[in-house]
Amino acid sequence: MSFFYFTFRKIRNIILYRLAYFCPLNSWRIRFHRWRGVHIGEHVFIGPQCSIDNAYPEYIYIEDYVTINQGTTLLAHNNVFACFEGLIECKVAPIHIKHHALVSINSTVLSGVEIGEYAVISAGSVVTRNVKPYTMVVGNPARKVSKLLL
């Protein structure tokens with residue numbers, strides 16, 4: 001019985017992921033991701049072609065008024081091939097994006113990261129560590145470039 005349940009969940013998740021990935025309407029993208037298990041607050045914008053973890057969508061937490069631009073990837077896990085065991089840490093950890101944060105185009109947020117409120121992630125950045133509130137980060141790996149005064 002559990003095999004069929006697991007298979008059904010996996011197929012449903014893949015279909016909803018693809019629908020959200022190519023959907024032209026933000027409200028539908030949000031709905032598809034919520035159906036997958038992603039925790040999404042109110043007044044959130046998720047751009048088209050965003051990859052929100054396909055294996056563990058329930059580990060993604062997005063609070064109110066967050067903007068995630070096109071092409072962004074949120075990965076709550078990193079699975080390692082057997083040949084890399086011992087060299088690369090394999091882990092599954094939640095991603096938490098606090099209210100009013102901005103994740104710019106083509107950025108990547110890796111597992112276990114918390115992005116503080118009003119934080120800005122610059123375009124093309126790879127976030128591997130927590131980002132403090134009211135901070136702007138840039139680069140690969142992302143590093144703090146300024147403190148935001150609002």
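A residue counts as exposed here when its relative accessible area is over 50%, and as buried when that figure is under 20%, with partly exposed in between. Keep that in mind as we walk through this predicted model.

Let's start with the rings. Searching the whole structure turns up six aromatic pairs. One of them joins phenylalanine 3 and phenylalanine 4: their planes sit at 70 degrees with the ring centres 5.6 Å apart, so this pair is edge-to-face. How accessible is phenylalanine 3? Its relative accessibility comes to 57%, so phenylalanine 3 lands in the exposed class. Phenylalanine 4, at 61%, is exposed too.

Another edge-to-face pair is made by tyrosine 56 and tyrosine 59, with 80 degrees between the planes and 5.7 Å from centre to centre. Tyrosine 56 has 28% relative accessibility, so it is partly exposed; tyrosine 59, at 30%, is also partly exposed.

Then there's a cluster: Tyr17, Tyr21 and Phe22 are linked by ring pairs.

Now for the interior. Nonpolar side chains in soluble globular proteins tend to be buried together. In this model, the largest nonpolar core holds 26 residues, and the ones with the most contacts inside it are Ile46, Ile62, Ile68, Leu74, Ile97 and Ile115. Strands S4 (60–62) and S9 (95–97) each contribute at least two residues to this core.

Setting aside neighbours within four places in sequence, isoleucine 115 touches His96, Ile97, Lys98, Ala101, Val103, Val109, Ile121 and Val131.

Definitions and conventions: Residues numbered from 1 in each chain as written. Heavy atoms only, no water. Phe/Tyr/Trp six-rings, centres within 6.5 Å; stacked < 30°, edge-to-face > 60°. Buried < 20%, exposed > 50% of the residue type's maximum accessible area, 1.4 Å probe, protein only. Core = buried A, V, L, I, M, F, W, Y, C linked by side-chain atoms within 4.5 Å. Helix = DSSP H or I, 4+ residues; strand = E, 2+ residues; numbered from the N terminus. Contact = heavy atoms within 4.5 Å.
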